[in-house]
Amino acid sequence: MNIGIIGAGQAACTLIAELVRGQFAGKILVFNGESHRPYQRPPLSKTWLHNPTDTESIRLLPEPIETHASIEWIHDKVVSIEPDQGVITTNNARRTVDHIVLATGTRAKTLAIDGLPADQVHVIRTLSDAIHLHEALDAAHNIVIIGAGFLAFELASSLDHPERTIRVLAKGVRALPQISVKAADRLLEETPASIRVGVTIERYDQDSASLITNHGPVPADLVIVAIGARPNTELASACGLGTSEGIPTDALMQTTHPRVSAIGEVSLHTQPHLNKVMRIESISEANDSASTLAKRLLGAPEPFKATPWFWSDQGQLKLQIAGLAARNDDETCLINTQTERVVIRHNSDHVTAIEAVNAAKEFMAARRLFEQGPISRQALLQAGSVFSLLQSSRS
Amino acid sequence: MPQLTCIDPNEQAIEVAFEPGETILQATYRAGVDGILAECGGGCSCATCHVMLTSDWDGTLDAASPQEADMLSFAVDPTPQSRLACQVQLNEQHDGLTLTVAKRQY
Ligand SMILES: Cc1cc2nc3c(=O)[nH]c(=O)nc-3n(C[C@H](O)[C@H](O)[C@H](O)COP(=O)(O)OP(=O)(O)OC[C@H]3O[C@@H](n4cnc5c(N)ncnc54)[C@H](O)[C@@H]3O)c2cc1C
Ligand code: FES
């Protein structure tokens, strides 16, 4: 069986690595729509951004896998697929495979701001974006980051410099709405950025080099838009396999067409952890969905059952999250010391996530506990720490 | 280029060239040493880059950070010689040394 993988990001590369290690018998065609060889995305917004010419250190595939004889790399964007025939078309080629894998990921949402020249607006999704941003930094003294998620604050820490003022402007009522107030507060204590919430941007004024907002003018010679991402579903939607929300799949990463699968953050499937159909943007989702598909293609299918996890570096602070909470889930602080903060997210007694700031042991213990089954908030509070609860569950 | 000897989980010895300044993970991953998964790509968040250093490394490295030590306590069968490959930066002193990749990463 020959397969064609569209996209060469995290999910595609995990699938490739597992197929090669599992001695997959067929040929693997990979369509890489970017101009760089596969690389890791998380470093792009972290300390790596200080020197984005070092592309070797963020390489995603080991040499023997990248150059494995079963793989053919096609450096081209796919423009259409024909599931019934297994045809994949680029502007330069038309190839036929037995199975198509959509691993197209997402792209950064953009924002049109009246009066702002395109060369002053940046997003950060690809290696090219990071290089482009880095090149513009010398001339930038007033940086505005629009958006208040992980990416915005990772960038604020990475771009911190005595000659730069960094301002984060958010539309919503608070920064880092994805996590609890208590965990967010800890991370925000150390951000070099000044933060304004409830901001709407009206236009850009060239003469004063400022964004005109409902809170007045904000000086900006460089603007980074970090307001989230949108799934790349066009190829799938053109043949009825995708929606604007993502590409629906079953627990084996199979779309509604038997010849097409979808993996990574473009895939929309039931997350057993929350028993909810959703799309998750994280490395864990990319890896776990790719592993699920690899097992199926290698003839030993096992339904997707992973619990999501996530991390984010904000300067010297490390946030690690096991599980996944809905935005309105409750929060209870479990540990709060000089260095560590651990917050339980829950829905009455049912724990949905553990958010750990500089508390790696608690994070790992939470991952292990979630693997064993549901976690009770009451049991956690009684044990005093996630680690203690894990130990008592094992004794 | 300086080199390390890596013993992979199949007990194969593999010579891995490295640039001073890169991490064990960067060097071994590029070379494709078996058994290092590095799910988080060096983010110190997965503990699937577990390696064991020989005593020849003693005195050439700073102790593991609290974060690394915490992650290591969740690796499979950690020993006092265990480290996370993504957290150890290599220098000229490490030329010719040996490490063993953990048999299982989870
Ligand atoms: C700056 C940044 C920092 C991040 N930090 C973290 C973090 O700390 N922790 C974490 O868990 N997650 C983090 N993430 C999220 C994580 O990187 C993604 O969830 C993960 O990369 C998703 O993998 P994927 O393979 O689904 O998509 P991607 O990695 O986006 O890969 C998709 C690829 O498909 C290509 N493609 C799309 N359409 C076509 C086409 N028609 N033809 C050919 N190729 C095509 C795209 O160009 C892209 O290269 C971060 C993301 C970014 C951008
Ligand atoms: S690569 Fe994940 S902890 Fe080292």
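Because the model is predicted, local features need pLDDT of at least 70 and side-chain atom pairs 80 or more, while totals for chains, interfaces and linings use all residues, and side-chain values use heavy atoms, without hydrogens or water.

**Stop one: ligand 1.** Select ligand 1 and the 32 residues around it (a heavy atom within 4 Å); Ala11(A), Glu34(A), Lys46(A), Arg125(A) and Glu265(A) come nearest. Now zoom in on Glu34(A): an N or O atom of its side chain is 2.5 Å from an oxygen atom of the ligand. Next, pick Ser282(A), where a backbone N or O atom lies 3.1 Å from a ligand oxygen. The protein covers 94% of the 1,000 Å² of accessible area (Shrake-Rupley method, 1.4 Å probe) that ligand 1 has on its own.

**Stop two: the shell.** Color domain 1 (3-107 + 229-297) and domain 2 (110-225) of chain A; each gives the shell at least three residues. These bounds come from an automatic or database domain assignment.

**Stop three: Ser70(A).** Where does Ser70(A) sit? Look in the loop between α2 (63-66) and β3 (71-74) of chain A; helices (H or I, at least four residues) and strands (E, at least two) are DSSP runs, numbered from the N terminus.

Definitions and conventions: Residues are numbered from 1 along each chain as its sequence is written. Chains are lettered from A and ligands numbered from 1 in the order in which they are written. A polar contact is a pair of N or O atoms within 3.5 Å; within protein, one must be able to donate a hydrogen and the other to accept it, and residues adjacent in sequence count only if both atoms are side-chain atoms.
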